[in-house]
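User: Good morning. Please take me through this structure, starting with how one of its side chains is placed.

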Amino acid sequence: TREEVEELVLAYLVAYPDVLAPSLLKKLVQQLALGQSFMTSDDQHLDLSALTHGLHPHVMVVAIASRAAARRACELLQGRSESIAAKMLLALDDDRAGVVSEADFLATAPLAMTLELDNVVV
């Protein structure tokens, strides 16, 4: 049911900052690298290795900022848990039977969580 999926979304968003924070900077750099890969070499003005190297001395400040950003992003998404649950329910109902079976859930949950939560937070 939608209520059960909303509970799942809320539980995920409560726990997710602790998982996300340590990898947030890496994920953001990966997003930048992906964007750069779509550009011609003449248009790529960002040196990602220099960016990463330049941030290294500030690792503690970055870690604190990452924790705060992850926590805040997940708090904001908790306020949208009902609409996120509605989208998740559609994604989880793989066979469109109107019910999310265990097989549907196991087959679709990782991708649904990534699309509806992880990508939005990052």
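User: Is Tyr16 buried or exposed?
Analyst: Tyr16 is buried, since its relative accessible area is 6% (buried is under 20%, exposed over 50%, partly exposed in between, with a 1.4 Å probe and protein chains only). The model is predicted, so local features need pLDDT of at least 70 and side-chain atom pairs 80 or more, while totals for chains, interfaces and linings use all residues. Residues are numbered from 1 along each chain as its sequence is written, and side-chain values use heavy atoms, leaving out hydrogens and water.

User: And Tyr12?
Analyst: Tyr12 is partly exposed, at 21% relative accessible area.

User: How many aromatic pairs are there?
Analyst: The count is 1 aromatic pair (Phe, Tyr or six-membered Trp rings with centres within 6.5 Å; planes under 30 degrees apart are stacked, over 60 edge-to-face, the rest tilted). Tyr12 and Tyr16 form this stacked pair, with 5.0 Å from centre to centre and 20° between the planes.

User: Where do Tyr12 and Tyr16 lie?
Analyst: Both belong to helix H1, residues 2-20, and are 4 residues apart, about one turn of the helix (helices are DSSP runs of H or I, at least four residues, and strands of E, at least two, numbered from the N terminus).

User: Changing topic, what does Val121 touch?
Analyst: Leaving aside residues up to four places away in sequence, Val121 touches Tyr16, Leu20, Ala73, Cys74 and Leu77 (contact means heavy atoms within 4.5 Å).
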